[in-house]
Amino acid sequence: MQAQVEKVRAQKRARHPDFLHAILVVTAFALPVIATLSLYALLNGSVDSIQAFGFGFLTSSKWIPNPPNGGPPILGALPAMYGSVVTTLIALLIAVPISLGIALFQSELAPGKLRLPSIFLVELLAAVPSVVYGLWGILFLVPFMSSNVDPWLVGSLGFLPIFSGETNGLGMLTAGVILAIMIIPYGAAVMREVVTAVPRAQREACIALGGTKWETMRMAVIPYASTGIIAAVVLAMGRAIGETMAVTMVIGNVARITPSLFLPAETIPSVIANEFTEVAGNGIYLAALFELALILFAIVFVMNLLGRLLITRLAFHGKAAHDV
Amino acid sequence: MFESVASRRLINKLFVVFASIAFLIALVPLLSILYETISAGYSALNRDFFTQITPPIGGSGGGIINAIEGSLVMVGIASLIGIPIGLFAGAYLYEYPGMIADRVRLIAEVLTGVPSIVTGIVVYVVIVATLHRFSALSGGIALSFMMIPIVAISTHESLKLVPSSIKEGGLALGVSRPKTLIYILVSTAKSGIITGIALSVARIMGETAPLLFTALGNQFMMNSIFDPAESMTVLIYDYGTSPYPNAHAFAWGAALVLLLIVLGLNIVVRVASRLKPTTPI
Amino acid sequence: MIRMSSKNNKRNIGIVALVVVIIAAVAGGYYFSTMSSSSTTSMMPVTSTMPSETSVMTESSIMTSASMSETSMASMTSSQSSWQPTVAVQVLAAGATFPQPLIQKWTVTYNQIYPQVTISYSGIGSGGGIQQITAKTVDFGASDAPLSNAQLAAAPGLTLFPETLGGVAITYNLAAFGIPSSTVLNFTSSVIAGIYMGTIQKWNDPALVALNPGAPLPDAHITVVHRSDGSGTTFAFTNFLSVTNPNWASQVGFSTSVTWPVDTVAGATGVGGKGNPGVAGAVKNTNGAIGYVDLIYAIQNNLGVGAVQNAAGNWIVPSIQTVLWAAQNATGTPNPADLRLHIVNAQGPQSYPIATYTYLLVYRDMSANPNTDLAKAQAIAHFFWWAIHDGQQYAPALDYVPLPANVVAADEQLLMTLNYQGTPLLP
């Protein structure tokens, strides 16, 4: 009897192959395909530029798509990379302390009823589309910065080279501020998760020894979660470097390397956004933009990988420590 | 601890103040954006705004119906492609855990971090340049490239949250693995999966960069998905950076509509899942 | 199946309903759009132009040149009105922002005459127009910069013809310093070159003061605005500077996209704007800014327009009349085989020196573009014909100059050679 049932079942399985398995495998395949396709498209597109400029592309600060005597373009990624790095640094300087403060507020300080709404409100910041940030930036923040913040900075700290020069609101400082606002929710969310994941025992031990909330944070929680906090910073950095629309709308779009934060500059995504549609039949120019995209892809890939590996390592170590 | 108790208490108080201020600081831009968008965009919303097409540059009157159409169509195409593939890919990650699944999951997480402009130029090269046309279809495909990893990851996470006892109960009752997955696990994880899908729709609705080089723009309504498409996001970008006050009013109006949809989706979904925090990917 | 609590059910139903609503909206919007694609455009106002100061003054001269083109127009209108599009076609064009206001006025008006023909024009810069038509991703392109021989070689079969012309204005914003937009400041080529090379950094520089003795030029920094994208307006502007200033020619040259010395000189401030609107916007939002834009953008944004010294030594403000004089003096005899015309720094006492034709780019055999079928090609060719005849009447209100009669005649000859796999598209 049992053998007969088994036989029927086996026949049934033979007649109806497991379609679901096939579908699952094929669709999961889509993810590596998208990744490989993107990488291939970027590599293929930048071949001409890599051949023309070689490694010097990363160190050259000249951006001359159409030289006066009609020669081949002389292009370098340095101004774009410089702008990306500087705006990201400004964004991190502003966002990291605020994110940490928010994370600590949400996990430790917020009264019970306030906790979930506070998390929800900060996450709404992440839901605002980038172009709306850009619109708000260009029509509200830029005039605000140029009439209120910039003159104050020039007046009080104008002796510093970073605060020298004319101010018209469009520049690396405004771009950095907008980026900071945009990455705060990401940083805060990851930091909050790692802070909440610190075992109660650590906190309770500190409190038992008579520590205040701040001392608990300082001595028990933050050192324990330090890997996670670094991960949050790295992930936020990756997000900031790749941000396109809001930055393009407020950064002024000029290929320049300057210490002054008030002067218009550019970032890698803003160069691509501005110049991609019109690399007029100029093979090397188009390839250079692809190479910029490739550089951007590589930087963001490394940041993301690093951040996530740090989090995984934290989970592993945290678990191991907890099991001890 | 060699400081006095009083100074330690003071430092503690300062910390509480700082953290609270940090939270309030984060709210300021949110409130400012909401305020500016509502006050500047409200006056642009009238019947014409929702029924007429965009006027020529520098002109007056008109509306954004072609942009609304383009956005809806492209998000629709992206959803039609992205939701099934993302769902099944997430189910794969759950059903067949192991080294391959780990690698695929890592690839998905990395893909969510790829800047949207890179996705745009990849789709330009792969589709627009080879087919020789800018189209709503290529815009939708670019958006789906962004959607698939997000839906896959959220589906995977939702499935993982289902207690294993439910899966084991199904298998113990003799339900085959595929049926267990479809009828039992997915339906239990339904709310989490739908939340993930709704959030990804809200996310791609607000994307601009992938559409710049794939759908280009259209002053008229589309005749088919193979025509170029205007979208609310690209319109906000174009009109926001132009000098005409009329264009600015349109940009704010479109931003208001977009914000209402995107934030509305976010609020509904999160409230419905009882404000459980989700990790923004 | 596991039963869920009714509360869970209600919530999930709510979420599902939301998603269904979205998909329904997509479908509904698409359905609605295909139903009404012909009717929505009829709601567009025909006259949506901004008032223009200069067009009033030069009505009389416009009438003469318009009447000259009317004679050739009359001979073709009969064949034009006999053509009717058979299917709905959607055409995609992209290119220069210089003629964008006029081209978009044309497409809207043409759509009202032939509701089945929708032509969408995206202003992505002349560089973009050249690139996209070369890549055959658009049906026709537009560029103020005439294509170089190399660019033409990269796109075999591509041809171009001018559809209008205009002036590149030197525009500035000194309203905050007591110089309203109605005040006309004088500029010479060397002063402009100095500003864009970063050697003249302040408004009260002696060179500027010498040219404008009566004006209260402030001791303020000049914010120098240029294009950040590939631009035919830049081409005309730098072409003028190169032709009149050997220093500029050797250091910077002329092109759709140059490296602006002002961006890297210490103490100078260069700002990049995207498209003509971007430059106009940057000038409008910055006190003490200077920029170069197509005339209409300066007027529509209430910015000051400067007088530039021409080859004859006179100070000329850009207007329909002065650009027309430049064209009449410098165009010569247009050759349909090569309609690239240079009218920068034209001779003549009243010629505006920074004048430029702007071109539409199209493949002579339109089947070269795999997306252009016969119906679309016919629509495009007839639209071009309409544009150089009937369309010219809309130019003056937007401060563009109607094509001189000899240019229209040469354009006609070129348009007659447009074909689809050998079959002529016109008449």
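Good morning. I begin inside chain A, where S84(A), T88(A), A91(A), L92(A), A95(A), V96(A), S99(A) and L100(A) of α3(A) meet I229(A), A232(A), V233(A), A236(A), M237(A), A240(A) and I241(A) of α9(A). Sorted by class, the residues in this contact of α3(A) with α9(A) are twelve nonpolar, three polar and no charged. Please keep in mind throughout that this is a predicted model.

The geometry of that pair is as follows. Helix α3 of chain A covers residues 78-109, helix α9 of chain A covers residues 226-242, and the two pack at an angle of about 140° with their axes 10 Å apart. Angles over 145 degrees would count as roughly antiparallel, and α3(A) and α9(A) are therefore oblique to each other. The crossing in which α3(A) passes α9(A) is right-handed.

Where is the kink in α2(A) centred? It is centred on S46(A), and amounts to about 45°. After α2(A) comes G54(A), with a positive phi near 60°.

Helix α2(A) also leads us to the partner chain. In the contact between chains A and B, 73 residues of chain A are in contact with 72 residues of chain B. Which element gives the largest share of the side of chain A that touches chain B? That element is α2(A), with 16 residues. The side of chain A that touches chain B comprises 55 nonpolar, 13 polar and five charged residues.

Helix α5 of chain A, residues 130-157, packs with helix α1 of chain B, residues 5-42, at an angle of about 80° and with the axes 10 Å apart. The range from 65 to 115 degrees counts as roughly perpendicular, and α5(A) and α1(B) are therefore roughly perpendicular to each other. From α5(A) the contact draws on V132(A), W136(A) and F140(A), and from α1(B) on I33(B), E36(B) and T37(B). Four of these residues are nonpolar, one is polar and one is charged.

Now to chain B itself. Chain B has twelve helices and zero strands, and its C-alpha trace spans about 65 × 65 × 35 Å along the principal axes.

Within chain B, helix α5, residues 116-131, and helix α6, residues 136-161, pack at an angle of about 135°, their axes being 9 Å apart. The pair α5(B) and α6(B) is therefore oblique, and α5(B) passes α6(B) in a right-handed crossing. On α5(B), the residues in contact are S116(B), T119(B), G120(B), V123(B), I127(B) and V128(B). On α6(B), they are S138(B), I141(B), A142(B), F145(B) and M146(B). This contact of α5(B) with α6(B) has seven nonpolar, four polar and no charged residues.

Finally, I come to chain C. Its contact with chain A takes 31 residues from chain C and 24 residues from chain A. On the side of chain C that touches chain A, the elements giving two or more residues are α5 (126-134), α6 (149-154) and β7 (269-273) of chain C. The largest share of that side, six residues, comes from α5(C). By class, the side of chain C that touches chain A has six nonpolar, 22 polar and three charged residues.

Thank you for your attention.

Key: Residues numbered from 1 in each chain as written. Chains lettered and ligands numbered in written order. Predicted model: local features only at pLDDT ≥ 70, side-chain atom pairs only at ≥ 80, totals over all residues. Bend = angle between axes of the 7 residues up to and from the residue. Helix = DSSP H or I, 4+ residues; strand = E, 2+ residues; numbered from the N terminus. Axes fitted to C-alpha atoms, helices over the stretch in contact; angles between N-to-C directions. Parallel < 35°, antiparallel > 145°, perpendicular 65-115°, else oblique. Left-handed = near helix turned anticlockwise from the far one by under 90°. Contact = placed C-beta atoms within 7 Å. Nonpolar A, V, L, I, M, F, W, Y, C, P; charged D, E, K, R; others polar.
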